[in-house]
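Dear colleague,

I am handing over the structure below, and I would be glad if you could read it alongside the notes that come after it.

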Amino acid sequence: MKKLLPFLIVALLALGGGFALQRYLTGREAVEAPSLAPELSMATLDGGTASLSALRGKLVLVNFWATWCAPCLQEIPLLVQMQDRYGARGLQILGPAMDDPEQVRAMLPRLKIQYPILIGETQIPNAMDALGDTMGALPFSVLISADGYVVDRKHGEFEAEELIQLIEKHLPTQDAL
């Protein structure tokens, strides 16, 4: 039995690691029963404040990112495109940056982000936790319905078609706007 124990431990660790790897690679976290998004308020890069409750009636995509995160930077042009395409129809993207505000400001001209960038040394990690982050990896996105419920979470970058389908599925109807 003593000889078998190390093999059992390695097998359990491999199984757990494989499950975690599969979850990271697919990036999706099931949201079986949508839950009301917590009330969060964070500072914007331009000195204002953004709160989730003020955005009720809009479909909100909160995308946590950083200037040092290559997958985040690769995903941002898609998010900019989605904000342009669906903003008038009720989509609002928010970009909490887990970064130094000066680093973010320096990167903005290149990224051409037109949606609010949120900052806060402790507020951003706290917001990730409050919105259901289980991995601490970036990018991390949370989709909040127009009535304020978390309807989807994803670790990793979105593919264009995947994000379009998700937005169109949850976009508020014109009478809700």
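Predicted model: local features only at pLDDT ≥ 70, side-chain atom pairs only at ≥ 80, totals over all residues.

Of the 177 residues in the protein chain, 46% are buried. Among the contacts with a separation of 6 or more, 68% are between residues 24 or more positions apart.

Most of my attention went to strand 5, which spans residues 59–64 and has six of its six residues buried. In a regular strand, side chains alternate between the two faces of the sheet. In strand 5 both faces are covered, with Leu 59, Leu 61 and Asn 63 buried on one side and Val 60, Val 62 and Phe 64 buried on the other.

Strand 5 pairs with strand 6 (residues 91–96) in the parallel sense over four bridges, and within strand 6 it is Ile 93 that stands opposite Leu 61. The two strands also belong to a right-handed β-α-β unit, in which helix 2 (residues 70–86) is the helical element. Strand 5 is likewise joined to strand 8 (residues 140–144), here by five bridges and in the antiparallel sense, and Val 62 stands opposite Val 142 of strand 8.

Asn 63 counts as buried because its relative accessible area is 1%, where the cut-off for buried is under 20%. Leaving aside residues up to four places away in sequence, Asn 63 touches Glu 75, Leu 79, Leu 94, Gly 95, Pro 96, Pro 139, Phe 140 and Ser 141. Glu 75, which is in this list, falls within the range given for helix 2, Leu 94, Gly 95 and Pro 96 fall within that of strand 6, and Phe 140 and Ser 141 fall within that of strand 8.

The structure also holds one disulfide, which joins Cys 69 to Cys 72 with an S to S distance of 2.3 Å. The link of Cys 69 and Cys 72 is right-handed, with 75° about the S-S bond. Are these two cysteines buried or exposed? Cys 69 is buried, with a relative accessible area of 5%, and Cys 72 is buried as well, at 0% relative accessibility.

Ala 106 counts as exposed because its relative accessible area is 60%, where exposed means over 50%. Ala 106 and Thr 67 are 39 residues apart in sequence, and their C-alpha atoms are 9.5 Å apart in space.

With best regards

Definitions and conventions:
Residues numbered from 1 in each chain as written. Heavy atoms only, no water. Disulfide = S-S within 2.5 Å. Buried < 20%, exposed > 50% of the residue type's maximum accessible area, 1.4 Å probe, protein only. Contact = heavy atoms within 4.5 Å. Pairing = 2+ DSSP bridges. Right-handed = clockwise from strand over helix to strand, strands pointing away.
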